[in-house]
Amino acid sequence: MLPKVRTPESRRMITLEVRANTRLTPGFSVITLGGPELEHLTYTGFDQTVRLFFPREGQERLRMPRLSSEAWMAEILLLPKSRRPWVRNYTIRRARPEAGEVDIEFALHGDAPASAWALRARPGDPAGIFDMGVTYLPPAHAGWQLLAGDESAVPAVLAILEHAPASLVADVFLEVAETADIRTDLTVPEGVRVRWLARDGADTLPGRQALQAIKEASLRPGRFYTWVAGESGLATGLRRHLVQDRSVPKSDIAFFGYWRHGRSSPG
């Protein structure tokens, strides 16, 4: 069963430039993108996802697709790698329409293309986005929510919490690489409990601590909605646990494998 996604009625390729690069913690940076073309983006908040286009190292300019539909994929793949941009999915962490700016938060890990770009990006560097919509779609019947993710999903979960109504009741499990990556300045609704877990060098795959913590947790009673994302083992493992061990309906679980350990996305 494919996950539900709410996509905008009209979309277009939006070319921007880097306005700032801010290091938040040892493992996270925020790239602020801006430009007049942002007037064509309808900002909806929550886990609003965009295709992020950015140049490969050594490319003199960013070649954005001309097609504002999913046909752009074929257009990109027809280009030689020397001219083809990198493309990755990212959440809009915050938006300031009045200033023509959006923030994209990056979990920095290894030498992955997006991490490498986030480390070297400077004001004036080109980038582009294509709106992909929202996957956080809690049903009306959910009495409370379970939100979970590893570091790759932390920006999405934090964006969800920032846009949540004051009435939200939720248990949140967030795993990061280091204790220094834990955010201590969160403001969340009174009914939200956030549990941070840090690997701090432990020899475990990302997401496994969060998965184990949820398995051992005494969850709130009543029917609930789950949104989980991150390394594929966390997303699929949590869904399996909830369905098999806690008799949660599959329709009440939204799960997304953002990445898979030991495998990189094709370029």
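These legends describe close-up views of a predicted model. Residues are numbered from 1 along each chain as its sequence is written, and side-chain values use heavy atoms, leaving out hydrogens and water. Local features need pLDDT of at least 70, side-chain atom pairs count only at pLDDT 80 or more, and totals for chains, interfaces and linings use all residues.

**View A. The second largest pocket and its lining.** A pocket is an open set of points on a 1 Å grid over the protein atoms alone, where a 1.4 Å probe fits, with protein on both sides within 12 Å along at least five of seven lines; lining residues have an atom within 4 Å of a point. Of the 16 lining residues, R93, R94, R183, D185 and L186 lie nearest the pocket centre. Two or more lining residues come from each of β1 (14-25), β4 (86-96) and α3 (154-163); helices (H or I, at least four residues) and strands (E, at least two) are DSSP runs. The largest share, three residues, comes from α3.

**View B. The largest nonpolar core.** A nonpolar core is a set of buried Ala, Val, Leu, Ile, Met, Phe, Trp, Tyr and Cys residues joined through side-chain atoms within 4.5 Å, buried being under 20% relative accessible area with a 1.4 Å probe and protein chains only. This core has 26 residues, and Y136, L147, L161, V172 and W227 have the most contacts inside it. α3 gives the most, with six residues.

**View C. Surroundings of L161.** Not counting residues up to four places away in sequence, L161 touches L147, L168, V172, V188, V192 and V194, contact meaning heavy atoms within 4.5 Å.

Note on methods: Buried means under 20% relative accessible area, exposed over 50%, partly exposed in between (1.4 Å probe, protein chains only).
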